[in-house]
Amino acid sequence: MKFFIDTANLKEIQEAHALGILDGVTTNPSLMAKEGITGASNIEAHYVRICDIVDGDVSAEVNATDYAGMVKEGTHLASLANNIVVKVPMTKDGVKAISHFTDHGISTNCTLVFSAAQAILAAKAGATYVSPFIGRIDDTNWDGMELIKEMAEIYAIQGFEAQILAASIRNSRHIVEAAKNGADVCTCPLSAILGMLKHPLTDIGLAQFLADYKKGNA
Ligand code: G3P
């Protein structure tokens, strides 16, 4: 399973990159706004800064909502760096735009996916990545992991090449469950990645090892 970080914060991207486990980055307009990055030219410059840190795929989301606008904006975003993946919402125009990008060799990430039906359409249009929003499904008292499982089954049966990109990941347990249920990629906040390191028995065991070492080497 690949690990992406879900942020536009350069320090967090650098910290995850330094662990040696980072395969890519996803962003969205909300994450850009959180970092105070506004205006098309500033947003584009920020994507270039992210691509300078990470070799892997970097998702850059279109803000246009109509087909022609998405094609224009996405084509421009894709020209910013070799590793840009154009992120397109799951709408009628979005599916049309993904088909266009597929035909023109531009990688895409279909975002805001909440059902298996949407996931089938995105894969059929040739999306490179399809992003089910796990945490937001859980927020509505459904089980986000059931969607990952369903998508993995359908993509395997149908031979779809789209990669399942588990998004809206909130904690390290989500990452473990996404891995078990067949996600190809997990995009996570830094807190969820760092949460994977934690176990009280590791802390207790290390403290004991250090204490015993000090006793024997005083
Ligand atoms: O990758 C999508 C993600 O940014 C949404 O996460 O926590 O806002 O549901 P969240």
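## What "buried" means here

Let's start with a word you'll need throughout: a residue is buried when its relative accessible area is under 20%, exposed when that area is over 50%, and partly exposed in between, using a 1.4 Å probe and protein chains only. S131 has a relative accessibility of 1%, so S131 counts as buried.

A quick word on where this comes from. The model is predicted, so local features need a pLDDT of at least 70 and side-chain atom pairs count only at pLDDT 80 or more, while totals for chains, interfaces and linings use all residues. Residues are numbered from 1 along each chain as its sequence is written, and side-chain values use heavy atoms, with hydrogens and water left out.

## The whole chain

The protein chain has 218 residues, and 46% of them count as buried. Its C-alpha trace spans about 70 × 40 × 30 Å along the principal axes. You'll find 11 helices and eight strands in the chain; these are DSSP runs numbered from the N terminus, with helices being H or I runs of at least four residues and strands being E runs of at least two.

The accessible surface comes to about 11200 Å², and 55% of that belongs to carbon and sulfur atoms. Areas like this come from the Shrake-Rupley method with a 1.4 Å probe, and for residues only the protein chains shown count as cover. Now for contacts, meaning heavy atoms within 4.5 Å. Among contacts between residues at least 6 apart in sequence, 55% join residues at least 24 apart.

## Around S131

S131 sits in strand 6, which covers residues 129-132. Leaving out residues up to four places away in sequence, S131 touches N109, C110, T111, L112, V113, L165 and A167.

With N109, the side chain of S131 also makes a polar contact of 2.7 Å. That term means a pair of N or O atoms within 3.5 Å; within protein, one must be able to donate a hydrogen and the other to accept it, and residues adjacent in sequence count only if both atoms are side-chain atoms. As for K87, it is 44 residues from S131 in sequence, and the C-alpha to C-alpha distance between the two is 9.7 Å.

## The nonpolar cores

A nonpolar core is a set of buried Ala, Val, Leu, Ile, Met, Phe, Trp, Tyr and Cys residues joined through side-chain atoms within 4.5 Å. The largest one here has 62 residues, and V130 and Y155 touch the most other members. Helix 8 (residues 144-158) gives the most to this core, namely six residues. Apart from this core lies another of seven residues, including F4, V85, Y129 and F133.

What does Y155 contact, leaving aside its neighbours within four places in sequence? The list is A119, A123, V130, F160, A162 and I164.

## Salt bridges

A salt bridge is a side-chain nitrogen of Lys or Arg within 4 Å of a carboxyl oxygen of Asp or Glu. By this rule there are five. One of them joins the side chains of D139 and R170, at 3.1 Å from N to O. D139 lies in helix 7 (residues 134-139) and R170 in the loop between strand 7 (163-166) and helix 9 (172-180), so this pair ties together parts that are 31 residues apart in sequence. D139 is exposed, at 51% relative accessible area, and R170 is partly exposed, at 40%.

Others sit within a helix. R173 and E177 meet at 2.7 Å, N to O; they are four residues apart in helix 9, so about one helical turn separates them. In helix 11, K215 and D212 are three residues apart, about one turn of the helix, and their closest N and O atoms are 3.3 Å apart. K215 is exposed at 65%, while D212 is partly exposed at 36%. Salt bridges with shared partners also link R173, E177 and K180 into one network.

With a relative accessible area of 49%, L210 is partly exposed. Together with L206 and F209, L210 forms a nonpolar surface patch with about 340 Å² of accessible area. Patches are made of residues with over 30% relative accessible area and no salt bridge: nonpolar side chains (Val, Leu, Ile, Met, Phe, Trp, Tyr) are joined within 5 Å, and like charges within 9 Å.
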